[in-house]
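Please read this note with the model open beside it.

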Amino acid sequence: MVKAGIIGATGYAGQTLVGILTNHPDAEVAFVSSNSYAGQKFSEIYPQYYEICDQTLLSTEEAKDAIGDVDVVFTALPNGLSFDIAKKAMAAGKKMVDFSADYRLDDVKVYEEWYKTEHQAKELLAQKVYGLPELWRDQIKGASLVANPGCYTTASIIAVSALVREEGLIDTNHIIIDAKSGITGSGRKKDISLLYSEAGESVKAYGIAHHRHTPEIEQEVSKAAGKDIMVQFTPHLMPMKHGIFATIYADLNKNVTTDDIYDVLENAYGDEKFVRIRKGMCESRFVVGSNYCDLSARVDERTHRVIISSCIDNMVKGAAGQAVQNMNIICGLDEAEGLSNLSIVAP
């Protein structure tokens with residue numbers, strides 16, 4: 001039985017993680033932590049957990065002291081707050097899965113440029129692994145520090161990597177990613193722009209030309225391609241709770257059909273448990289509550305472009321579900337353990 005500690009348990013991603021681990025047959029939640037609600041029961045913050053997870057929330061400092069009692073530490077904290085925790089976890093020989101951007105980028109200068117934060121654990125970057133199992137499973141197996149990918153990046157990287165690994169298929173100088181996220185992607189916080197009366201019945205683009213997920217996408221897609229790649233990434237806020245819907249456009253270098261693109265996707269992900277290749281079009285509601293990434297494709301013969309749709313639940317495959325997938329891998333468990341349930345969502 002894997003003992004897990006969750007630091008940042010009362011955010012949306014942390015709460016989702018508690019739910020998944022509560023139903024995991026080979027893991028248990030050893031402690032939950034939240035500075036904002038320290039001393040209160042978890043089920044007081046999320047009443048659906050009444051008599052399921054009634055643990056008292058530890059402060060972050062108390063959680064640091066409890067690291068020695070667990071096998072895996074999950075940190076679902078804002079960027080810049082996990083440095084001391086990671087140092088302590090690594091010194092204690094523990095596994096850690098971090099939800100922030102603090103360990104996702106290989107180059108500390110890129111991190112500090114895009115996040116405007118001094119990196120305070122540079123020495124740990126050499127041992128971290130980027131936790132996207134569909135690309136880097138073998139590296140994750142032996143990792144102690146796993147950088148859990150972002151939600152936009154997961155949907156985007158899975159789709160784009162399949163295209164760039166087919167040498168000469170697309171013009172890698174002109175890749176456009178148009179992505180939409182549910183409101184939970186902005187976190188559980190007081191922000192007038194996230195109120196229903198502000199965000200409902202509206203769609204807006206944000207972070208145009210400088211969103212922080214851009215270098216993360218470029219870094220991992222470049223690894224997949226074996227060369228440096230830049231992308232045009234534009235995120236949008238949608239008036240829905242959960243979901244990421246990314247539409248990827250790329251100019252084709254070859255005369256191929258839609259069926260040919262589906263062959264590319266099958267070659268890349270046909271054996272993957274959590275990637276579903278759909279001949280029909282994707283919809284975000286088809287993946288809500290699940291750890292699946294759904295892909296669909298079309299070739300526009302008129303414009304000579306390929307269009308890939310990629311859908312995930314931003315809180316599951318885009319955060320907590322992928323974190324558990326990584327935990328399963330680093331702990332030698334069945335990768336799909338605790339993640340195969342599909343939530344029942346009204347049409």
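1. Lys128 is buried, with a relative accessible area of 10% (buried is under 20%, exposed over 50%, partly exposed in between, with a 1.4 Å probe and protein chains only). The model is predicted, so local features need pLDDT of at least 70 and side-chain atom pairs pLDDT 80 or more, while totals for chains, interfaces and linings use all residues. Residues are numbered from 1 along each chain as its sequence is written, and side-chain values use heavy atoms, without hydrogens and water.

2. Lys128 forms a salt bridge with Asp106, at 2.5 Å from N to O (a side-chain nitrogen of Lys or Arg within 4 Å of a carboxyl oxygen of Asp or Glu). Asp106 is partly exposed at 39% relative accessibility. Salt bridges with shared partners join Asp106, Lys128, Glu220 and Lys223 into one network.

3. Arg104 and Glu216 also meet in a salt bridge, at 3.3 Å from N to O. The two residues are 112 apart in the chain. Arg104 is buried at 6%, and Glu216 is buried at 1%.

4. Glu272 pairs with Arg137 in a salt bridge of 2.7 Å, N to O. Here 135 residues separate the partners. Glu272 is buried at 14%, whereas Arg137 is partly exposed at 22%.

5. By the rule in point 2, the count comes to 16 salt bridges.

6. Among the residues of helix H1 that meet helix H11 are Leu17 and Ile20; Val324 and Met327 are among those on the H11 side (contact means heavy atoms within 4.5 Å; helices are DSSP runs of H or I, at least four residues, numbered from the N terminus).
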